[in-house]
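Have a go at each task before reading its solution.

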Amino acid sequence: MNAVGRSVPRKDGIGKATGAARYADDLRFPGMLVGRTIRTTVPCGRLNGITLDFDRAGFTVVDCRDIPGKNVVSLIEDDQPCLVEREIRHVAEPVLLLAHESRDALLSARVTLEEEPKAPVFDPEQSPVAFKTILIEKGDLAAGFSTAEHVVEGSYRTGHQEHVYIEPQGVIAVPEANGVAVYGSIQCPFYAQRALAVVLGSAVSHVRVVQTETGGGFGGKEEYPSGLACHAALLALKSGRPVKLIYDRVEDMVATTKRHPAIVRHRTGLTRDGGLVAMDIEVILDGGAYTTLSPVVLSRGAIHAAGPYRCDHVRIAARAMFTNTPPNGAFRGFGAPQTQFAVEVHMERIAEALNLDPVRLRERNLLRPGDTTATGQRVGDDCSAREVLRTAVRRSGFRRKRKAYQGTGRGIGLSLYWHGSGFTGSGELKLASRATVELTATGVRALTSSTEIGQGTRTMHAQIVADALDIPYETVEIATPDTSVVPDSGPTVASRTCMVVGRILQRAAEEIRGKLGDLTPAEYYRQFGQLTVTKQYEQPDWIRWDEIHYRGDAYAAYAWGCDVAEVELDTDTWEIRPTRLTVVTDVGKAIHPALALGQIEGGTAQGVGYALLERVTMRDGVMANAQLTNYLIPTTLDTPRLDVVLLEHPYAGGPFGAKGLGELPIDGPAPAVVNAVRHLGLDVRAIPAVPEVIMEAACASR
Amino acid sequence: MRFTLNGAEVDVAVHPMARLLDVLRESCELTGTKEGCGEGECGACTVLVNGEAVCSCLIPVAQVEGGEVTTIEGLGAEHRLQRAFMDEVGAQCGICTPGMILTAVTLGGRPSLARIRQGLAGNLCRCTGYEAIYRAIHRAR
């Protein structure tokens with residue numbers, strides 16, 4: 001029986017339902033110490049001295065002088081120190097590391113930092129430093145505007161968003177014979193391995209990174225754990241003992257990355273009947289104090305900034321700016337939620353300005369197969385922007401409710417969105433990901449560096465391999481991501497784990513199948529011994545990408561979505577209560593329908609939080625509400641009922657037609673909710689639309 | 001400190017003000033109870049004390065002396081809710097799952113959706129959007 005397309009039991013279901021699954025903080029090693037990080041308290045300045053006000057007996061103390069290799073957290077640019085030497089660029093930068101057997105002793109150790117403050121920069125528009133600028137140009141903008149009968153302008157803002165994986169960041173470093181092993185809650189073990197090798201000045205072969213069960217990631221455990229792994233490793237190597245470094249919630253929220261805040265400005269030329277003739281878009285991301293992943297977040301944000309619409313004359317000018325705040329980084333959606341919030345709220349304002357129906361405006365302009373995007377990419381037959389829109393409108397009763405809700409304190413709004421699967425442009429080619437399938441005594445084992453962070457990697461990969469080999473799902477094992485065991489399949493990010501890595505696994509499994517003849521894997525193994533096949537990513541031959549001019553095929557495939565949000569306004573508290581979201585997506589093929597549904601539902605709930613609840617209050621460059629008491633994520637009572645539809649227009653280059661779907665659902669909810677708020681007569685152009693924002697909009701409209 | 005843990009008597013030599021969470025995880029070596037926030041907001045550390053769902057990060061162990069504590073390990077592996085969470089993919093990353101299941105135990109046999117939503121409002125899940133958890137609890141009836 002085929003496994004693909006069925007909701008087979010999760011490989012990790014039993015361990016998670018019984019509490020047997022082992023997360024980083026659940027592991028113990030003999031002689032293990034506990035670690036702690038001492039951090040800066042000013043957003044900008046110089047570190048002039050460190051005083052240890054405690055008895056050092058039993059303590060291991062590490063500062064930047066203990067780093068045997070380079071003092072950087074290696075990523076795109078090597079600008080972020082592992083431990084501060086002199087220059088302070090943000091609050092909560094790591095300066096000093098302590099380890100001790102006793103947590104109580106550790107927490108009572110007093111350290112005084114002599115910090116000389118300087119004037120910080122907090123406003124990205126006032127910042128003198130850009131980490132990256134991108135310009136996308138299509139057609140002739142001036143010519144486009146010269147034909148416009150209307151011009152609509154607008155500025156839109158989105159705030160920080162904190163990941164709030166329920167398991168905080170944590171790793172354990174263990175000294176090994178000729179190096180170190182790091183076990184941890186990590187999305188990308190090979191990122192951490194490379195960073196460790198640079199800091200320790202050792203060969204990558206002497207550094208092993210092993211993923212433990214991971215209690216949520218959402219991008220927050222993409223690049224951040226690399227620095228954390230380095231810290232734990234430095235303590236472990238200096239003390240000669242295993243060191244556990246687990247953040248508590250406050251430290252996690254204050255010190256780790258968040259979604260980039262954004263300012264997006266639109267100036268749009270239109271014909272009288274709503275045809276888009278020119279789109280001029282400016283995107284500004286607040287990158288924080290170090291480069292981290294800002295250039296690539298900006299890239300995805302810019303490419304998605306014109307929305308799933310066709311327009312002959314487009315300019316998208318995007319920049320990611322330095323500020324003296326903790327660096328922002330990867331978060332599900334990776335720049336696209338910010339820019340799609342802007343374009344979808346802008347479309348609603350266009351409909352309002354031209355007195356057009358919001359559905360017809362979108363129908364008029366949406367991408368159809370054969371149309372070209374802002375980068376000039378021709379979208380394929382799997383483009384289903386029109387179908388997701390029509391299905392969502394019909395299923396939600398949008399038109400009827402749009403009339404019925406008028407003047408009732410209820411509102412309904414929609415958003416149309418898309419999300420590119422995999423790395424941008426030639427990114428996948430550069431990654432050159434590999435995946436392996438090998439025989440076992442009872443079936444096969446799949447080896448990749450793709451991590452299970454809740455989304456269902458183990459299960460979905462096993463289904464693909466099972467069907468490619470035509471063997472029972474139960475006989476496929478998934479290897480634990482351990483950099484000394486598995487090949488580098490690239491990071492577990494960018495909606496690529498199914499479409500890209502799954503496809504490589506499928507090809508490896510198909511090659512094994514060809515060699516088995518009529519034998520089962522177990523029979524072959526008994527008669528002939530081991531058989532191992534490793535395959536590498538092959539780029540579809542039609543992809544052309546010009547990295548300099550940002551022209552060409554930005555993504556191998558796009559997934560499509562349309563959200564309809566229904567909300568109620570509480571005029572006593574100014575709260576917006578979302579009551580229902582209808583979410584129609586096209587994901588190519590749902591390898592595991594229940595897992596796919598779970599991704600869409602979970603991403604939608606995060607998007608509702610992003611729209612209405614999740615406000616990071618920055619005060620003097622640091623998150624002032626770094627607790628779950630006052631940074632609110634949706635509970636059962638805040639999350640509306642979710643009605644999700646999965647459409648399946650297959651992408652020929654994905655396994656069994658699958659595209660990426662993990663990030664797609666975070667793009668739609670915020671604009672749909674804010675457009676529903678607009679239906680209430682409230683002009684909101686920024687999120688989170690917390691009660692204060694709603695109240696201000698209500699007062700302004702009177 | 002003596003109390004009944006998953007049906008068996010235990011006697012642990014710890015400070016009476018030690019957090020129940022730490023006593024369970026460190027002294028009793030039952031790591032199925034998770035710490036998510038340490039301030040009673042996320043519910044990942046939920047255990048049953050005399051049948052009531054509580055956040056073990058907020059309870060000093062002295063408060064359960066002589067009482068009955070049930071952790072996820074105390075449900076074994078065959079509880080109807082555990083099976084239902086597996087069947088309906090009510091667990092994604094799994095870190096909230098032990099607390100979520102223990103809270104669900106207190107909701108009784110056939111809870112309405114409104115009762116489920118009210119009852120689980122103190123257990124945060126960042127993965128599922130809660131729908132799969134509702135499906136699991138309905139299935140476990």
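**Exercise 1.** Find the strand order of the open seven-stranded sheet in chain A.

*Solution.* Start with the order, which is 3-5-1-12-9-10-11, with mixed pairing. Strands are DSSP runs of E of at least two residues and helices runs of H or I of at least four, numbered from the N terminus; two strands pair if DSSP finds at least two bridges between them. Next, look at the edges: strand 3 (60-62) and strand 11 (207-211) of chain A have a single partner strand each, so one side of each lacks a neighbour in the sheet. Finally, neighbouring strands are turned by 25° against each other on average, direction ignored.

This is a predicted model: local features need pLDDT of at least 70, side-chain atom pairs count only at pLDDT 80 or more, and totals for chains, interfaces and linings use all residues. Residues are numbered from 1 along each chain as its sequence is written, while chains are lettered from A and ligands numbered from 1 in the order in which they are written.

**Exercise 2.** Describe how strand 10 of chain A is joined to strand 11 of chain A, and which helix lies across both.

*Solution.* Strand 10 (residues 179-184) runs parallel to strand 11, and five bridges join them.

**Exercise 3.** How many residues of chain B are in contact with chain A?

*Solution.* 38 residues of chain B contact 42 residues of chain A (C-beta atoms, placed from the backbone, within 7 Å). Helix 2 (80-87), helix 3 (97-105) and helix 5 (131-139) of chain B each supply at least two residues of that side of chain B.

Key. Contact = placed C-beta atoms within 7 Å. Axes fitted to C-alpha atoms, helices over the stretch in contact; angles between N-to-C directions.
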